[in-house]
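Hello,

Here is the structure I promised to pass on.

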Amino acid sequence: MNCTKCKTRAVIDLPRHNAAFCKGCFNYYVHDQVGRAIKSEKMFGKDDRILVAVSGGKDSLALWDVLLKMGYKADALYVNLGIGGYSEVSHAKVVKFAETVAAPLGAVLHVHTVEQEAGAGIKELAMLIHRPTCSTCGTIKRYQFNRVALEHKYDVMATGHNLDDEAARLLGNVLRWQEEYLDKQSPNLPASLDGFAKKVKPLFRLSERELAAYSVLNRIDYIVEECPMAKGARTLLYKEVLNRLETESPGTKQAFYCGFLDKQRKPESSPTTMAEKDQAMLHPCSVCQQPTTADVCSYCKMMARAKAHAS
Amino acid sequence: MHIQLSHPSRTVEIKGPKKTKDLLKELNLVVEAHLVIRGDELVTEDEMLYDQDQIEIRPVISGGSPRLTSPR
Ligand code: SF4
Ligand SMILES: [Zn+2]
Ligand SMILES: [Zn+2]
C-alpha cells in the first residue's frame, strides 16, 4: 500500500478518509486535524499559555508533542495517583518525555503527588471516605488541574480526549437521554464565573488508533498498560461497539460526534417539524384521492406502470 | 511467526506468510482497535507477514474514567 499523497510506502491506512499515509504525510495529517479543531472551536492562539493534563498514556503525550511542534506555548501537569506500579511507570514515562522532548522546546512539567498531600494513595483515600476510586480520582484530578491553571495563570487547560472518548461518552449519554450532560460535551468549555479555567479538547477529531500510531511513529514512549482501576468500565463497552460499527462502516464515529457538534452549533432550526412540513405540502392524489405531495401518488404511478408493462 | 499480545500480556505462534488483515481476523481482533507493529515499524492492512517476523499487536483502546456523565 502506498501513501495517498506522495506515493512512497504507507505505514498506516485510514479507512474513514479513504487514505493511507507515510510517516511524514501522516504527521502532517495529525497536525492539520488538530489545527482545524483549534480553529473551528476557537480554542486558543499562539500567544496563549496552555496547560496540558498528561497521564503518561498515548493521547495526552501525543497532545503535548503536537502542540509544542505546532509552536504553541504548552506546559503540562502530571498527577501521581499513588496506584503502585502503574503510577511509577507512568510517572517515569512522563518525566522522560518532559526531559527529552518538552524541555528542549522550552516547556515545563508540573507534578502533583496525591500521597504527599493526602498521606495516602488514591485507593486508600477512596476507601477511607467510602467513595468509588474513580470518582475520588476524578475529583482530585479536576481540582489539581484547575488549581495549577489558576495559580500559574494559564489561559487554557487542554486534555487528551480523542474522538473515541467523545463518541463513547455521547453514546452513553444518548442511550440514557442524559440531556443535561449533552450541553457539556463541547470540546471547548469556556471559563466560568465560579472559578473554572477554560478547558479544551484539541484531539476530538482524531481516533484512538490514529493517536497510538502517531505515538509509535514518533517514538513517544507511552504506558500501554491500563490503570488497574479502569477494568470493566462501561466506556470500554461503548468503544468496542462503536469500533465494530466503524470497521463495518468507516466514518461512523466521526459522523456521530461531529454531527452532534454541528447540530449544537446551529441556532434552533426552523420551528416547523417534519410532520408540519408534510402537512403543508400534501393534497389529494388526482387519481385515487389519497394524500400525496405529487400530482399522482406513488401507488397510483406504480400501478399505472405495472398495467402498461402487462399490456 | 511470533506474536506479542497485550491485555493480558501473552505470545502466540502463527504460521506465515499471512496478510496483516487476515492475521487480525484469525485472532478475532477488530482493525479499528489495534495497531500491528513489525520490529518497531507500523505496517498497513495489506502488508505480508512472514515466519521470521517479530510482530506486536497493540491494543489502542483505553478505558479512562468510567464517569461518562461527569460535567467537567
Ligand atoms: S481508571 Fe479510575 S482511578 Fe484510574 S486514572 Fe482513571 S479515573 Fe483514575
Ligand atoms: Zn507520503
Ligand atoms: Zn393515488
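The lining of the largest pocket divides into eleven nonpolar, six polar and seven charged residues. (Ala, Val, Leu, Ile, Met, Phe, Trp, Tyr, Cys and Pro count as nonpolar, Asp, Glu, Lys and Arg as charged, and the others, Gly among them, as polar.) The volume of this pocket is about 660 Å³. B:Ser6, B:His7, B:His34, B:Pro59 and B:Ile61 are the closest to its centre, out of 24 lining residues. α10(A) gives the largest share of the lining, five residues.

On terms: on a 1 Å grid over the protein atoms alone, a cavity is a set of points where a 1.4 Å probe fits but cannot get out, and a pocket is an open set with protein on both sides within 12 Å along at least five of seven lines; lining residues have an atom within 4 Å of a point. Points are joined across faces, edges and corners, and a volume is the space filled by probe spheres set on them. Helices (H or I, at least four residues) and strands (E, at least two) are DSSP runs, numbered from the N terminus.

The model is predicted: local features need pLDDT of at least 70, side-chain atom pairs count only at pLDDT 80 or more, and totals for chains, interfaces and linings use all residues. Residues are numbered from 1 along each chain as written, chains are lettered from A and ligands numbered from 1 in written order, and side-chain values use heavy atoms, without hydrogens and water.

There are three cavities of 30 Å³ or more. β4(B) gives the most, three residues.

Best wishes
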